[in-house]
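Try each task before reading its solution.

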Amino acid sequence: MTRTDRYVAPDLRHGRGAQSRDCGRFERLRQIDESDGWDFPEEAPALRTQVSEERPRSLINYVSSPDLSFDRTINPYRGCEHGCIYCFARPSHAWLGLSPGLDFETKLIARPDAAEVLDRELRAHRYRVAPIAVGTNTDPYQPVERDRRIMRDCLAVLQAFQHPVMIATKGTLIERDIDILSGLAAQNLVRVGITITTLDAGLNRRMEPRVPSPKRRLATIRRLTEAGIPVRVMLSPIVPGLTDAEIEPILTAARDAGATAATWAMLRLPLEVAPLWEAWMDEHYPDRKSRVMSKLREMHGGKVYDAQFFKRVRGEGAYAALIAQRFTKARKRLALDGDLPALDCTAFQPPARAGDQLSLF
């Protein structure tokens, strides 16, 4: 296995997905970890999560990708402590001058004013309501949310405005917010997607090191649905040669837990994610690496990844068609082939603020 200039030994990165702190693609200079030349040994410190703060001028991010079901998102955090090695959002840390590898998992950025900024943006005269997606880049219910509560504050704003929201998460911390979510669900203003990649607890711990276990996430689906909150299970990503055999068992377990819909996506390796993934495979599954990578190239015209719309999420070719066929058949057999109801955009109403002049009509 080839090690990079900023490789971190396993005992110093316990519970992390990536192996290195290599700089992103925008940096002019490359950082290298070198011995200082002294003869006595010096222990390197173990990696710890660091959280800095950002005061955003705007929060709602508008997107125009034709293969997405939403046109706007919000992100309470940058970076994600869950540490999923395959995360396609890792390259976004390169824009901050940080490593898409271990920095993405350990150097987080919280946005404590997010709810206040969201309130201001929703009150703008030019604003036109449509569902806001949360969790499309980094998980709003990652461990740091337990203390920061930024996602909960944003949910409270959305509830006050009667604004529709779609949430995607692997975090069981979402159960804390059932009080808000159940109220939104009663007005058809929320739907939740819970991601389950594998039912194998060992593989889960290696591939998604700080994500709750599959069993625990299934329990979250059950708790949410029992509270009247609509939930779909998201098989994302399906990894060829590693998790593709679990399509049917995952769908069955999710259906039994109460999920009423299901979606899937294939493994995506954009930019810096590809070398991080290959290094992870070398460390944990060297015997399966050639099969995984060959299947990915088969689905992307000989490349590890193709960013074209409508091809980037599921690939193309015989293997991609086979996965799609298996998923479609299993989803239909388990009655997961419907879609969650469209969210209500007609109830939106900015709440009155202290000092606002009341209307005469």
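**Exercise 1.** Are Y127 and F348 buried or exposed?

Solution. The model is predicted, so local features need pLDDT of at least 70, side-chain atom pairs count only at pLDDT 80 or more, and totals for chains, interfaces and linings use all residues. Residues are numbered from 1 along each chain as its sequence is written, and side-chain values use heavy atoms, leaving out hydrogens and water. Step one: buried means under 20% relative accessible area, exposed over 50%, and partly exposed in between (1.4 Å probe, protein chains only). Step two: both Y127 and F348 are buried.

**Exercise 2.** Describe the aromatic pair of Y127 and F348.

Solution. Rings of Phe, Tyr and Trp (its six-membered ring) pair if their centres lie within 6.5 Å; planes under 30 degrees apart are stacked, over 60 edge-to-face, and the rest tilted. There are 5 aromatic pairs in the structure. Between Y127 and F348, the centres are 5.8 Å apart and the planes make 50 degrees, so by the cut-offs the pair is tilted. Y127 lies in the loop between α2 (114–123) and β6 (132–134) and F348 in the segment after α11 (318–333), so the pair ties together parts 221 residues apart in sequence. Helices (H or I, at least four residues) and strands (E, at least two) are DSSP runs, numbered from the N terminus. Finally, Y127, F161 and F348 form one aromatic cluster.

**Exercise 3.** Find what L155 touches, leaving aside its neighbours within four places in sequence.

Solution. Contact means heavy atoms within 4.5 Å. On that basis, the partners of L155 are Y141, V165, I167, D177, I180, L181 and L184.
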